Amino acid sequence: MKLELIMLPVSDVDRAKDFYVAAGFRLDVDNAVGENWRAVHLTPPGSEGSIMFGTGITTAAPGSTQGLYLIVPDVEQARADLVGRGIDVSEVFHDSAGVFVHGHDDKGEFTYPADASAKREGPHPDRAAYGSYATFTDPDGNGWVLQEVKERAPGRSW
């Protein structure tokens with residue numbers, strides 16, 4: 001099984017489409033059937049999985065999807081690329097406690113379930129796989145995490 005598609009709840013379909021296209025996502029589909037149904041399907045660069053949003057496709061509250069991870073080989077380069085595209089991205093940071101599970105609060109801010117004092121500025125000192133992050137949100141507050149992975153954990157493939 002492969003995870004193929006994540007539905008994102010948004011309040012303004014055209015604004016969300018413009019945001020994700022500006023972020024470098026490939027527009028795969030923009031299809032409307034009448035005024036009550038529209039689907040916009042986009043794929044992040046290098047990804048097999050995609051996102052979809054639109055009108056009449058989800059009842060979730062706009063901005064309620066959090067913790068969407070985009071895995072990148074160089075978090076500083078990925079951050080610079082997004083910033084160059086006009087996307088507001090946090091500074092790169094790492095977790096000194098090595099906590100794997102992260103999330104976002106209701107304002108899209110990155111949170112730590114265990115120990116907030118573990119958040120440190122800059123990439124992981126050893127550039128450890130799965131150790132460096134940057135975050136951003138779409139216009140509705142759906143939360144994304146860039147996570148640097150140079151070497152996959154055993155059993156994981158690219």
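Asp14 is partly exposed at 43% relative accessibility, where partly exposed covers the range between buried (under 20% relative accessible area) and exposed (over 50%), taken with a 1.4 Å probe on protein chains only. Its side chain meets that of Arg38 in a salt bridge, 2.9 Å from N to O; the term stands for a side-chain nitrogen of Lys or Arg within 4 Å of a carboxyl oxygen of Asp or Glu. Please keep in mind that this is a predicted model, in which local features need pLDDT of at least 70, side-chain atom pairs count only at pLDDT 80 or more, and totals for chains, interfaces and linings use all residues. Residues are numbered from 1 along each chain as its sequence is written, and side-chain values use heavy atoms, with hydrogens and water left out.

## Salt bridges

Helices (H or I, at least four residues) and strands (E, at least two) are DSSP runs, numbered from the N terminus. Arg38 itself is buried, with a relative accessible area of 16%. Arg38 also meets the side chain of Asp30 in a salt bridge, at 2.8 Å from N to O, and Asp30 is partly exposed at 33% relative accessibility.

Another salt bridge brings together the side chains of Arg79 and Glu91, 3.2 Å from N to O. Arg79 sits in helix H2 (residues 75–84) and Glu91 in the loop between H2 and strand S6 (93–95), so this pair connects parts that are 12 residues apart in sequence. In the whole structure, a search finds 11 salt bridges.

| Side chains | N to O distance |
|---|---|
| Arg38 and Asp14 | 2.9 Å |
| Asp30 and Arg38 | 2.8 Å |
| Arg79 and Glu91 | 3.2 Å |

## Aromatic pairs

Rings of Phe, Tyr and Trp (its six-membered ring) pair if their centres lie within 6.5 Å; planes under 30 degrees apart count as stacked, over 60 as edge-to-face and the rest as tilted. By this rule there are 8 aromatic pairs. One of them joins Phe19 and Phe136 in a tilted arrangement, with 6.4 Å centre to centre and 40° between the planes. Phe19 lies in helix H1 (residues 13–22) and Phe136 in strand S10 (residues 132–137), so the pair ties together parts that are 117 residues apart in sequence. Phe19 is buried, with a relative accessible area of 13%, and Phe136 is buried too, at 3%.

A further tilted pair is made by Tyr20 and Phe53, at 5.9 Å centre to centre with 35° between the planes. Tyr20 is in helix H1 and Phe53 in strand S4 (residues 50–55), so to speak distant parts of the chain, 33 residues apart. Both Tyr20 and Phe53 are buried. These rings belong to one aromatic cluster formed by Phe19, Tyr20, Phe25, Phe53, Phe136 and Trp144.

## The loop between S9 and S10

Arg127 lies in the loop between strand S9 (119–121) and S10. Its phi is near 50°, a positive value in a residue other than glycine, and Arg127 is partly exposed, with a relative accessible area of 26%. Tyr130 is placed in the loop between S9 and S10 and has a positive phi of about 70° although it is not a glycine. The backbone oxygen of Tyr130 is reached by the side chain of Gln147 at 3.3 Å. Gln147 lies in strand S11 (residues 143–148) and is buried at 3% relative accessibility.

## The chain as a whole

The protein chain has 2 helices and 11 strands, in the order β-α-β-β-β-β-α-β-β-β-β-β-β along the sequence. Of its 158 residues, 43% are buried. Among contacts (heavy atoms within 4.5 Å) between residues at least 6 apart in sequence, 59% join residues at least 24 apart.

Notes
Polar contact = N/O pair within 3.5 Å; in protein donor to acceptor, adjacent residues only side chain to side chain.
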